[in-house]
Each structure stands twice: as structure tokens, then as C-alpha cells.
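Please consult the sequence and the model while reading the points below.

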Amino acid sequence: MSRKYKNPPIVKEELLIPLESEDILIPEPKEIKRYLSDHADIGGLLPPICETARKKFGGNPQLSLEIYRDPEFDEEPLLLLVRQSPYDDGILETIDSISDEYANELDQASGLFRVTTDFRLPR
């Protein structure tokens, strides 16, 4: 069955350069490339989601693209972590608004992607 996406998949090798130029931290680029190789449809959603997050949070937060690993779960979602110093009271509402904006596209994606925070200080 062929899926139709709002945004076509982006070639994974070319994806990380514009994200890094938009000041998105990518601590493990090889792992992100591996994930996007398995879930290319998420690659097409990353640039607009990151752009939306940057607009909604302004220049204050650190945005970091990471894979969440938990030995108790088989799934490893890709996360866009939002870190601030200090944390705004409305951070969770802003994160929810970004997630809601892209919920339909993410529900159809082959992998898992979440915008979230771990409440850590920026690196």
C-alpha cells in the first residue's frame, strides 16, 4: 500500500545540514540518520516541525534531536527535546500545540516522533 504524505521524504544525508544550520543540536548524527533510513517519512516532517518549534519558543530554548532508548520498550521514538533556562510556565502547553499541529501527519508516519522536554538545562 502506497502512503501519501503532506511532505515527501527527504534524503536523509541532506536533512541534518539544514537542521544544524537552524541551531538544532544533533548529538548522535549517525543514529539519527539510521532512524531516518528506517522511517524516511518522518524526515519530511522534521524541517517544518523544527521551524514551528523555533518560532513558538523564540531564540531562548535549546532544541535537540535525539532517540529515546528504554530497555523496557521495543520502540525507540525520535524526540525533539526542548530545553530552557529558566523554564517557562507554559512550556508544556506550547509543546502540546506543536504536537497537535502535526498530529495527523505523525499518526500516519512509520516511526514515532515526539516533541517533548526532559526539563534538563541546555548543554
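Beyond its neighbours within four places in sequence, Ile49 is in contact (heavy atoms within 4.5 Å) with Leu80, Ile98, Tyr102, Leu106, Phe113 and Val115. The model is a predicted one, in which local features need pLDDT of at least 70 and side-chain atom pairs count only at pLDDT 80 or more, while totals for chains, interfaces and linings use all residues. Residues are numbered from 1 along each chain as its sequence is written, and side-chain values use heavy atoms, with hydrogens and water left out.

**Nonpolar core**
- Ile49 is also among the residues with the most contacts inside the largest nonpolar core, which has 27 residues; such a core is a set of buried (under 20% relative accessible area) Ala, Val, Leu, Ile, Met, Phe, Trp, Tyr and Cys residues joined through side-chain atoms within 4.5 Å.
- The largest share of this core, 5 residues, is supplied by α4.

**Helices α4 and α5**
- Helix α4 (residues 46-57) packs against helix α5 (residues 91-101) at an angle of about 150 degrees, and their axes are 10 Å apart.
- The two helices α4 and α5 are therefore roughly antiparallel (angles over 145 degrees).
- On the α4 side, Ile49, Thr52, Ala53, Lys56 and Phe57 meet Ile91, Thr94, Ile95, Ser97, Ile98 and Glu101 of α5.

**Pro27**
- Pro27 lies in the loop between β1 (24-25) and α2.
- Not counting residues up to four places away in sequence, Pro27 touches Ser64, Leu65, Glu66 and Arg123.
- The C-alpha atoms of Pro27 and Ser64 are separated by 7.6 Å, although these residues are 37 residues apart along the chain.

Methods:
Axes fitted to C-alpha atoms, helices over the stretch in contact; angles between N-to-C directions. Helix = DSSP H or I, 4+ residues; strand = E, 2+ residues; numbered from the N terminus. Parallel < 35°, antiparallel > 145°, perpendicular 65-115°, else oblique. Buried < 20%, exposed > 50% of the residue type's maximum accessible area, 1.4 Å probe, protein only.
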